[in-house]
Amino acid sequence: INRISNGTLSYHMEVRTMLRLAVPKGSLEEGTFNLFKQADLPIQRKGDRDYNLKIDDPRISETFMLRPQEVASYVAEGEFDIGITGKDWVIETEAAVKEIADLQFSRGGWNKVRMVLATDNENKVNDVSEIKPDAKIVTEYPRITRRYFKKLNKGKVKIRMSYGATEVKVPRLADYLVDITETGSTLINNGKKILATIMESTTILIANPESCKNKNKMQAIIEITELLKGVILARDRVLIKMNVSEDNLKLLLDYIPSLRKPTITSLFQNGSEKEKWFMIETVVQKPTLNIILPELMKRGAREILEINVSKVIL
């Protein structure tokens, strides 16, 4: 804090080495933008074709948009310090990056996606063991697909590269496909059946290993990660407050859930009151709240308040 000539105070933030961030375009774009907005790190863009983005935070000097399959490679090469992409693309590109956090969202929502092997409904094959060694496979993931078929001792299959709309290329251009799906509905709607799940994937925050060795950059990475994880942790949680008498305090504390320990505050007591009261605050999972409310009341909880939370930082 510095005092300037007119006697007022100005605040000076320590200048540190800032992070270069790569964010994904396309299927992971909306989820990424929403997550950063909820973390009070809104990504600003001038238009849909703008790839040079901006985040008003002193820890982030550059925000650049890339295809998800490009992010891991560029982060590994040191063009960016951190990036967001699917775990499937980290494995496919074999990028030497450090996984920092699972951001727990995918193309369509908060569920993991599956990489599956599928074929046309008209194909009589219903098990991977029945696949012929000279079968044609179309996919955006040739490395993962090759490794998978080698494990099946079917390493001679012909793998064809796909650049989108993979499901429509079977059976015209290939016998089977390997692709990402969340519910399988797109495959089913295109007359396909799933034979096997190869792996699960989710969106992850990755970092360049050399950037992690830089003390200032690593500290900034930790701070940004905590903000993002705080949003994820708060996603299905609420803060509840309640009052309870001293006689029922232990009974309530023996039951009430919390992330760590609940906060207990003594309430104001005037001279005429003989009974002492306390306020309890705790964070609970929202889906369980309606289940535990009756028991809280049985154990003496009164004036129960439910409050939404935007971030939970542990």
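Five bridges join strand 7 to strand 14 (residues 203-207), and the two run antiparallel. Two strands are said to pair if DSSP finds at least two bridges between them. Strands here are DSSP runs of E with at least two residues, helices are runs of H or I with at least four, and both are numbered from the N terminus. Within this pairing, Ile84 stands opposite Leu205 in strand 14. With strand 3 (residues 19-24), strand 7 runs parallel, and two bridges join them. There, Leu21 stands opposite Ile82 of strand 7.

Before I go on, a word on the model. It is a predicted one, so local features need pLDDT of at least 70 and side-chain atom pairs count only at pLDDT 80 or more, while totals for chains, interfaces and linings use all residues. Residues are numbered from 1 along each chain as its sequence is written, and side-chain values use heavy atoms, with hydrogens and water left out.

Back to strand 7. Is it enclosed or open? Five of the five residues of strand 7 (residues 82-86) are buried, so the strand is largely enclosed by the rest of the structure. Buried means under 20% relative accessible area, exposed means over 50%, and partly exposed is in between, using a 1.4 Å probe and protein chains only. In a regular strand, side chains alternate between the two faces of the sheet. In strand 7, Ile82, Ile84 and Gly86 point one way, Gly83 and Thr85 point the other way, and all are buried.

Contact here means heavy atoms within 4.5 Å.

Strand 5 and strand 6 form a hairpin with four residues between them, and Thr63 in strand 6 is the bridge partner of Leu53. Which residues make up the covered face of strand 5? Leu53 and Ile55 do, whereas Asn52 and Lys54 form the uncovered face.

Next, the cores. A nonpolar core is a set of buried Ala, Val, Leu, Ile, Met, Phe, Trp, Tyr and Cys residues joined through side-chain atoms within 4.5 Å. The largest has 29 residues, and Phe36, Leu103 and Leu228 touch the most other members. At least two residues each come from strand 3, helix 1 (29-38), strand 5 (52-55), strand 6 (60-66), strand 7, strand 14 and helix 7 (215-234). Helix 7 gives the most, with seven residues. Apart from this core lies another, of 22 residues, among them Trp89, Ala135, Ile144 and Val178.

How do helix 1 and helix 7 pack? Their angle is about 95 degrees and their axes are 9 Å apart. Axes are lines fitted to C-alpha atoms, for helices over the stretch in contact, and angles run from 0 to 180 degrees between N-to-C directions. Helix 1 and helix 7 are therefore roughly perpendicular, the word used for 65 to 115 degrees; under 35 is roughly parallel, over 145 roughly antiparallel, and the rest oblique. In this packing, Leu35, Phe36 and Gln38 of helix 1 meet Leu228, Val231 and Ile232 of helix 7.

Helix 4 (residues 142-151) has Ile144, Thr145, Tyr148 and Phe149 buried. They cover an arc of only 125 degrees around the axis, which puts them on the same side of helix 4. The arc is that of the directions from the helix axis to the C-beta atoms. The face of helix 4 turned away from the buried side carries the exposed residues Lys150 and Lys151.

Last, some backbone points. Most residues other than glycine have a negative phi, and most peptide bonds are trans. Asp40, in the loop between helix 1 and strand 4, has a positive phi near 65 degrees. A cis peptide bond joins Val170 and Pro171, with omega about 15 degrees. Pro171 is in the loop between strand 11 and strand 12.
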